Amino acid sequence: EKTDLPKGYEPWWRSRVEGRLSSEGDPVEVTVGSLITGSLEYSSQVRAFSDLPMIRSQTIGEEKGVFDWRVFAETEYRRTSDPVGNLLTTGGSPRFSESDWQSFGRFRRKNLHGCEFEIAQEFGLTNNNSNFFIPPNQGTSRLRLSYVQPLLRGAGVNYNSAQIYLAMLDAAAANDEYSRQLQSHIVEIARSYWALYVERATLLQRVKLTQESEDIYRLLEQRRQLDVDKSQIFRARSALAQRQSSLARSVTAVRNAESRVIRLVNDPMLEQDVLLELLPTMAPEVDWLDVDMAESKLSALQNRPEIAQAKKQISAAAKRQQIACNELQPYLNAVVETYVAGLNGDNDIGGSFADQFSEGEPGYAVGLIYEY
C-alpha cells in the first residue's frame with residue numbers, strides 16, 4: 001500500500017552515511033553515475049563483452065570472401081620410360097621415353113547465382129622418342145574458359161547469399177547480447193552501490209545500538225548494589241556481546257560491499273594499494289514513480305535486447321530452413337567450356353601463346369551434370 005512520508009522527513013543517519021565512518025583509509029566520493037562511467041571506461045568485463053560483436057562481425061567478411069577471386073598455380077615435371085607393346089607407339093624403339101613439363105595458372109570466382117567461372121592459362125614442354133611425334137620439342141599453350149551453373153541444388157541468390165545473411169544476423173544478435181550483458185553489468189553496479197549505502201546505514205544504526213547497550217550495561221553495573229540483580233546484568237552483558245558481534249560483522253559487510261564495487265568498476269583510481277573508503281554521496285529518492293504495466297510491457301517488447309535477439313534467431317532459423325529445402329534437391333549443373341590452343345616445335349612457348357589467338361578457331365563443349 002502506498003504511504004507518504006512526512007514532509008521534510010529525513011532519517012537521522014542519512015547525512016552521516018555520506019561522511020567518513022572510519023579514520024583509516026582515504027575517502028573517495030562516488031555516485032551511481034560516476035561508477036557507471038568508470039566501468040564503461042575501465043571495466044575488464046565490459047571490454048570482454050565488447051569483443052564478442054567484433055569477433056562475430058569478422059564472419060561477415062569471411063562469408064563474403066567466398067565470392068572473391070581465387071588464384072591457383074601449379075607446375076609439374078614428369079619423366080616417362082615404359083616398355084612398348086605396339087610398334088606404332090614409337091615406330092621401332094622397344095621403350096617409350098618422354099619428358100613432359102606442364103605449368104598453369106588459374107583464376108576462379110563464384111558469384112551470387114552459384115556459378116563458378118574459371119580462367120586457366122596452361123603452358124607445356126614435351127618431347128619423346130617416337131618417330132610419329134612431330135614437331136619435336138613441342139611448346140604448347142592453351143587458354144581455357146569454363147562456366148558451371150547450378151540449376152537446382154545450389155542455385156539462386158537467396159541460397160548463395162544465405163551464409164552472409166546468417167553472419168549478419170549473428171553479428172546483430174551479438175550486438176544485442178552485448179547490450180544485454182552491458183545493461184546487466186550496469187544494473188549490478190547500481191545494486192552494489194545501494195548495497196554499500198545500506199550496509200553503511202546499517203553500520204551506523206548498529207554503532208548506535210551498541211553504544212546504547214554499553215550505556216545500559218554501565219548503568220546496571222552502577223546500580224548492582226541497589227535494585228539490580230545478577231540476572232539483569234547477565235542479560236545486559238549478553239545483549240551487549242550480541243551487539244558488538246553484529247557490529248563487527250557489519251564492518252566486514254561494508255568492506256565486502258566496497259570490494260564488490262571496486263571489482264565491478266576496475267577503475268585504477270579505486271584499485272590503489274592504499275586503503276580506500278567509498279563515500280556514497282547520492283541518496284535514494286523518496287518520491288513515488290507511477291508505472292503503467294501495459295506501457296512497461298510494450299516498451300520491453302520494443303527495446304529489450306533479449307526480444308531483439310530472439311527475433312533474429314527466428315529469422316536465422318527460417319533462413320536455415322530455406323537452405324535445407326534447397327539442399328534436398330538433386331544436383332543439375334550446366335557446363336560450358338571453351339578454349340584456344342597453340343603448338344610449336346623447338347620449345348617455342350611464346351610462339352604457341354601468340355598462335356592460340358591468331359590461328360585456328362576456339363574449341364568448345366557444353367553439357368549437363370546430374371546427381372541424385
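Is R108 buried, exposed or partly exposed? R108 is partly exposed, with a relative accessible area of 26%; buried means under 20%, exposed over 50%, and partly exposed in between, for a 1.4 Å probe and protein chains only.

This is a predicted model, in which local features need pLDDT of at least 70 and side-chain atom pairs count only at pLDDT 80 or more, while totals for chains, interfaces and linings use all residues. Residues are numbered from 1 along each chain as its sequence is written, and side-chain values use heavy atoms, with hydrogens and water left out.

## The sheet

Helices (H or I, at least four residues) and strands (E, at least two) are DSSP runs, numbered from the N terminus. Two strands pair if DSSP finds at least two bridges between them.

An open sheet is formed by six strands, in the order β2-β3-β4-β5-β7-β8, with antiparallel pairing. Its edges are β2 (70-83) and β8 (363-371); each has a single partner strand, so one side of each is left without a neighbour in the sheet. On average, neighbouring strands are turned by 20 degrees against each other, direction ignored. Axes here are lines fitted to C-alpha atoms, for helices over the stretch in contact, and angles run from 0 to 180 degrees between N-to-C directions.

Helix α10 (residues 349-358) packs on this sheet and touches β3, β4, β5 and β7. The direction of α10 makes about 125 degrees with that of β7. Contact means heavy atoms within 4.5 Å.

Strand β3 (residues 95-110) is joined to strand β4 (residues 116-128) by 13 bridges in the antiparallel sense. W101 stands opposite L125 in β4. The hairpin of β3 and β4 has five residues between the strands, and G114 takes a positive phi near 90 degrees there.

On to the next pairings. β4 and strand β5 (residues 138-150) run antiparallel and are joined by 11 bridges, with G124 opposite T140 in β5. Between β5 and strand β7 (residues 331-344) there are 12 bridges, again in the antiparallel sense. R144 has Y339 in β7 as its bridge partner.

## Helix packing

Two packed helices are described by the angle between their axes and the distance between the axes.

Helix α3 (residues 44-64) packs with helix α6 (residues 162-222) at an angle of about 175 degrees, and their axes are 8 Å apart. That makes α3 roughly antiparallel to α6. The residues of this contact divide into 12 nonpolar, eight polar and five charged. In this division Ala, Val, Leu, Ile, Met, Phe, Trp, Tyr, Cys and Pro count as nonpolar, Asp, Glu, Lys and Arg as charged, and the others, Gly among them, as polar.

For helix α2 (residues 32-42) and helix α7 (residues 230-265), the axes come within 8 Å and cross at roughly 45 degrees. α2 and α7 are therefore oblique to each other. Angles under 35 degrees count as roughly parallel, over 145 as roughly antiparallel, 65 to 115 as roughly perpendicular and the rest as oblique. On the α2 side the contact involves L35, G38, S39 and Y42, which meet V261, L264 and V265 in α7. These residues divide into five nonpolar, two polar and no charged.

## Salt bridges

Side chains of opposite charge can pair when their charged atoms come close. A salt bridge is counted when a side-chain nitrogen of Lys or Arg lies within 4 Å of a carboxyl oxygen of Asp or Glu. A search of the whole structure finds 18 salt bridges, among them the following.

| Salt bridge | N to O distance |
|---|---|
| E118 and R108 | 2.8 Å |
| R191 and E188 | 3.9 Å |
| D215 and R218 | 2.4 Å |

E118 is buried, with a relative accessible area of 8%.

R191 and E188 are three residues apart in helix α6, and are thus separated by about one helical turn. R191 counts as exposed at 55% relative accessibility, whereas E188 is partly exposed at 24%.

D215 and R218 also lie in helix α6, three residues apart, about one turn of the helix. D215 counts as partly exposed at 37% relative accessibility, and R218 is partly exposed with a relative accessible area of 43%.
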